[in-house]
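Hi there,

Here is the structure I promised to pass on to you. Have a look at it first, and then read my notes below.

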Amino acid sequence: MIIINNRDKLGWQEGMTVRDLLAKMGYTYTLITVTVNGELVPKENYEEHLVPDGAEVTVFHLAHGG
């Protein structure tokens with residue numbers, strides 16, 4: 001089980017990446033920042049960064065505008 005934003009739960013799957021997690025949760029916004037167990041994951045690593053079982057993930061939607 002993975003905890004997202006300290007409230008949502010998602011079943012873990014072996015080989016799950018950050019990109020997989022974002023897709024399963026329906027996060028499509030382009031300006032997203034992700035941490036896994038307190039470690040910032042660079043966007044270019046979302047495809048290969050594995051999410052371990054029991055991970056605490058934080059997903060921030062960055063705002064922009066004027």
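The structure holds two salt bridges; a salt bridge here is a side-chain nitrogen of Lys or Arg within 4 Å of a carboxyl oxygen of Asp or Glu. Before the details, please note that this is a predicted model, in which local features need pLDDT of at least 70 and side-chain atom pairs count only at pLDDT 80 or more, while totals for chains, interfaces and linings use all residues. Residues are numbered from 1 along each chain as its sequence is written, and side-chain values use heavy atoms, with hydrogens and water left out.

Arg7 is exposed, with a relative accessible area of 59%, and Asp8 is partly exposed at 23%. (Buried means under 20% relative accessible area, exposed over 50%, and partly exposed in between, with a 1.4 Å probe and protein chains only.)

In the other salt bridge, Glu47 meets Arg19 at 2.9 Å, N to O. This pair links distant parts of the chain, 28 residues apart: Glu47 lies in the loop between β4 (39–41) and β5 (56–61), and Arg19 in helix α1 (residues 18–25). Helices (H or I, at least four residues) and strands (E, at least two) are DSSP runs, numbered from the N terminus.

Now to the sheet. Five strands form an open sheet with mixed pairing, in the order β2-β1-β5-β3-β4; two strands pair if DSSP finds at least two bridges between them. At the edges are β2 (8–10) and β4, each of which pairs on one side only. Strand β1 (residues 2–4) runs antiparallel to β2, and three bridges pair them. Ile3 has Lys9 in β2 as its bridge partner.

Which residues touch the most other members of the largest nonpolar core? They are Leu21, Leu22, Val34 and Val57, out of 17 residues in that core. Such a core is a set of buried Ala, Val, Leu, Ile, Met, Phe, Trp, Tyr and Cys residues joined through side-chain atoms within 4.5 Å. At least two residues of this core come from each of β1, α1, β3 (32–36) and β5.

Take Leu22 as an example: this residue of helix α1 is buried, at 4% relative accessibility. Beyond its neighbours within four places in sequence, Leu22 is in contact (heavy atoms within 4.5 Å) with Tyr27, Ile32, Val34, Tyr46 and Val59.

Enjoy exploring!
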